Amino acid sequence: MTAITMPESAPSVSTGHPGVTQARVVRSEWIKLKSLRSTWFSFGAAILATIGLGILFSAVRGNDAHTNHLPVLDGTQVSLRGIYLAQLAVGVLGVLLISGEYATGMIRASLSAVPRRVPVLIAKALVFGVVTFVLCLAMTLIAFLAGQSVLHGYGYGSSLSDTGSLRAVFGAALYLTLIGLMALGLGFAIRSTGGAVATLFGVVLVLPALSQALPTSWQNRIDKYLPLNIGNELISRHSEPHSLSTGAGIVVLVIWAAVAITIGVLVLRRRDA
Amino acid sequence: MIEAIGLSKQYGQKLAVDDLSFTIQPGMVTGFLGPNGAGKSTTMRLLLDLDEPTRGQARINGRRYREHKAPLFEVGALLEARAIHTGRSARNHLLALAATNGISRRRVDELIGLVGLDSVADKRAGGFSLGMGQRLGLASALLGDPHTLLLDEPVNGLDPEGVLWVRTLLKQLAAQGRTVFVSSHLMSEMALTAEHLIVIGQGRLIADTTIAELTKRVSGDEVVVHSEDDGRLRMLLADAGVTVVSTDTGRMRVTGMNSGQIGRIAAEAGISLIELIPQQASLEEAFMEVTRTSLEFVGTEVAR
């Protein structure tokens with residue numbers, strides 16, 4: 001540390017300030033998001049998983065289908081299946097964005113600067129949602145194109161202009177973004193990294209396994225509303241029986257994320273920081 | 001100006017802050033003193049609206065903290081547990097906080113220089129020493145050049161040079177007419193920095209006083225006397241109804257009468273005095289005395 005200098009007088013700061021605005025809090029959250037290494041590690045892992053596994057699965061499934069002379073293969077789903085690993089990275093990041101603040105005490109600085117609190121959550125959701133969607137859309141597009149070029153070698157490839165291709169690429173990116181926002185909401189609601197991550201993947205990964213214990217007629221009614229099954233529907237070219245349409249699936253995913261975020265808002269407003 | 005009005009905070013069974021009322025005036029440094037666990041940090045969190053009071057109100061410049069439109073321009077706070085994400089650099093931490101209130105990048109750079117963190121500003125705060133963390137905390141408190149400062153244990157972990165710097169800075173900020181409210185568990189530090197004192201113990205207000213009054217109040221009228229005829233003077237004083245005990249150096253310790261009155265009694269009796277020394281308790285003793293009685297008081301009440 002260098003020599004200490006004293007202020008000569010009260011330092012001058014512009015006094016014509018409108019104070020805290022939502023736009024300013026968004027700017028602050030953007031600085032926060034980009035200045036942590038965990039952000040770029042997580043997005044890097046998601047990109048690697050989606051594109052890498054997309055190419056790998058395309059090669060494995062293409063070769064298998066070719067060898068066994070299968071007439072058709074849902075190549076879109078094969079090339080985008082890597083998002084199931086990527087959702088771990090995006091989900092954990094969504095939780096960490098806020099649980100990291102509670103763990104380090106940063107939350108007290110954040111809420112002292114924005115004492116009305118809720119703008120912090122809105123800004124985090126906006127910044128994280130937009131950044132995640134843009135990055136995920138780029139990576140699912142690359143995964144699709146790379147996967148299809150591998151599948152073309154076996155005679156199963158499709159192109160982006162084929163029916164359902166673009167819908168699947170967008171759907172995969174949207175799925176990851178909404179899982180991320182659900183994670184953020186759970187992070188605000190639960191505050192601890194472990195608790196929120198466990199809850200998130202309990203809902204996403206464990207519920208579909210547990211529903212297997214139900215009678216088939218119940219499964220047919222419940223399973224289609226579970227996030228993982230909606231994700232599967234979004235990246236598939238062909239609909240499974242007892243599944244929601246693309247539009248309805250997206251609406252239900254939005255509701256999942258909205259419920260988590262609403263609980264997050266209530267806890268943020270009511271509980272001591 | 002900071003006001004606490006009947007402020008109480010209950011965590012489960014524990015009453016951390018109990019009906020606390022005080023007013024902190026601008027233009028001087030006010031110390032917030034109490035042993036560890038007395039409720040100082042809780043009070044700070046209540047003032048900043050981080051925790052909701054169970055009863056009572058906290059106001060800063062006439063409003064609840066959260067009602068200020070540009071809080072960083074009104075109030076600067078340094079919280080005891082470091083409120084910094086360990087993975088972020090000092091500069092980015094300050095830039096993120098500054099952005100919420102529309103404070104410029106130039107001001108952030110200026111403050112990094114002011115607190116002497118230039119050389120480490122782009123390193124992750126997780127590697128900072130306690131002292132560097134405190135400097136960063138002070139920089140964030142000063143971001144908006146606020147009129148009111150709330151600092152929880154700001155000299156903790158600073159080297160002697162840093163302690164002196166903080167002390168001078170606080171006095172200077174107060175001299176500019178700002179409200180400066182500083183908590184500490186060290187009476188000796190407050191004696192050097194503060195003019196006014198709020199003392200709490202077990203969440204309750206023990207004293208709201210100036211440093212000078214606190215010393216006087218605890219030391220009371222106690223005078224050490226030595227004269228050419230201590231035996232006769234002792235009887236005269238005893239007749240006047242004051243307590244006289246002998247010290248181990250053979251002097252008399254008189255309680256209940258000031259040195260002027262003792263001198264007059266001696267003069268009227270024609271006894272010449274050799275020593276007449278009013279006793280002043282040190283602030284440390286005063287603090288111990290004040291908190292000890294409060295703890296006993298609480299203890300008996302619990303036993304009731």
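Colleague: What should I know before reading the model?

Modeller: This is a predicted model, in which local features need pLDDT of at least 70 and side-chain atom pairs count only at pLDDT 80 or more, while totals for chains, interfaces and linings use all residues. Residues are numbered from 1 along each chain as its sequence is written, and chains are lettered from A, with ligands numbered from 1, in the order in which they are written.

Colleague: How many helices and strands are there in chain B?

Modeller: Helices (H or I, at least four residues) and strands (E, at least two) are DSSP runs, numbered from the N terminus. Chain B has 11 helices and 13 strands.

Colleague: Which strands form the open sheet?

Modeller: Two strands pair if DSSP finds at least two bridges between them. In chain B the order is β2-β1-β4, with antiparallel pairing. Because β2 (14-24) and β4 (55-60) of chain B are at the edges, each with a single partner strand, one side of each has no neighbour in the sheet. Strand β1 (residues 2-11) of chain B is joined to β2(B) by seven bridges; Gln10(B), for example, has Leu15(B) as its bridge partner.

Colleague: How many residues of chain B are in contact with chain A?

Modeller: Contact means that the C-beta atoms of two residues, placed from the backbone, lie within 7 Å. By that rule, 48 residues of chain B touch 37 residues of chain A. Elements giving two or more residues to this side of chain B include α4 (105-114) and α6 (160-175) of chain B. α3(B) gives the most, with six residues.
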